[in-house]
Amino acid sequence: MKLKQRVVLLAILLVIFIFTKVFLIDNLDTSAANREDQRAFHRMMASLHVELDPRLDHTLQSPWEIAAQWVVPREVYPEETPELGAVLHAMTTKKIIKADVGYKGTQLKALLILEGGQKVVFKPKRYGRDYIVEGEPYAGYDRHNAEVAAFHLDRILGFRRAPLVVGRFVNLRTEIKPVATEQLLGTFMTVGNNTCFYGKCYYCRETEPACADGDIMEGSVTLWLPDVWPLQKHRHPWGRTYREGKLARWEYDESYCDAVKKTSPYDSGPRLLDIIDTAIFDYLIGNADRHHYESFQDDEGASMLILLDNAKSFGNPALDERSILAPLYQCCIIRVSTWNRLSYLKNGALKSALKTAMSHDPISPVLSDPHLDALDQRLLSILATVKQCTDQFGPDVVLVEDRMTLSHL
């Protein structure tokens, strides 16, 4: 065979090899990843209903020790959590040994210490399930049931970035007042036959207390993250100004995402994709109030965006605040795993899954039916937004493969 023929043959073989690598092997890898996404979805669906059971027969550890060991840089709890029911049960039943005013913030809450030394944040009921919060999308008091619903939506979406939350009824007279600090106790009052308190916060007012039904107050308790994982606060790049007539740059600059991509920590690592995951999460729950967010300290952009403080959600099922999705429709990128999970939740699966996941909770029903219906409608809007992006830029640009290793050591 002549040299020229050999060169041509080698070139053809090289082209075939490259074609095989790019179009076959890579597609096999993608298919394998998609199959794993589907398996993970089915595992999640099979474990949705969590019985609040105090038994931990296979370990001598306390529920608090187990939950603390779950936390790693990229998730608050693992995919498979057979002990989840025991931890939630402890959160809703363990004796309260101390009660204090909540940590600094704008909304009323109390900091409780449960038997065994575990800190939880208690948010009291302010509205009935059917109450519609009118006005701006971030208007109104915190909604305790929204914290419960948001935690279970986090499970369903496979993010696992929200601290554990469960509903709890507390007797303010017998469980809280005897162990309350003077600062908290000084905010208690009686209104009619109901025990009330107004706490200490930016918007806390003596004229606007939270009141129990008699002495029994419904609320949510959020598990405090372990102190060995200190938090760092960041301004959200798509945060609102909260000033009438003053727009944030993202609200008028169509190329805003390009500027974000050039700034740390959004210029590398997973943080920008976390922002987009969070926008999807917030749009589904109707939360337009994420002006800041937290990650673990000194993470250099590698740790997750932690889904804290989700109580400004589920206020108005008829309001779909599309601006919450700005990171998605301005950047036009989304994780493949997120896209797959959203696709699996079409056709009523999301509403059904969340209803099942919340059915065990002590304050069930957690959401009214209009809020559950709104979730399915908002999901369709998200899927349509991604389709607009893929039609414009192509799926290879929009769908980003970014699977982070989540080790539990």
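**View 1. The end of helix H12.** H12 is followed by Gly394, a residue with a positive phi near 95°. Helices here are DSSP runs (H or I, at least four residues) numbered from the N terminus. The model is predicted, local features need pLDDT of at least 70, and side-chain atom pairs count only at pLDDT 80 or more. Residues are numbered from 1 along each chain as its sequence is written.

**View 2. The span of helix H12.** Helix H12 covers residues 369-393, and its 25 residues should span 36 Å at 1.5 Å a residue, the expected span being 1.5 Å times one less than the number of residues. The end C-alpha atoms of H12 lie 37 Å apart, which agrees.

**View 3. The packing of H2 with H3.** Helix H2 (residues 63-70) packs against helix H3 (residues 84-93) at an angle of about 120°, and their axes, 9 Å apart, are lines fitted to C-alpha atoms over the stretch in contact, with angles from 0 to 180 degrees between N-to-C directions. In contact (heavy atoms within 4.5 Å) are Pro63, Trp64, Ala67 and Trp70 of H2 with Leu84, Ala86, Val87, Ala90 and Met91 of H3.

**View 4. The crossing of H10 and H12.** The axes of helix H10 (residues 336-344) and H12 come within 10 Å and cross at roughly 135°. H10 and H12 are therefore oblique to each other. From H10, Trp339, Leu342 and Ser343 meet Leu379, Ile382, Leu383 and Val386 of H12.

Conventions: Side-chain values use heavy atoms; hydrogens and water are left out. Helices (H or I, at least four residues) and strands (E, at least two) are DSSP runs, numbered from the N terminus. Angles under 35 degrees count as roughly parallel, over 145 as roughly antiparallel, 65 to 115 as roughly perpendicular and the rest as oblique.
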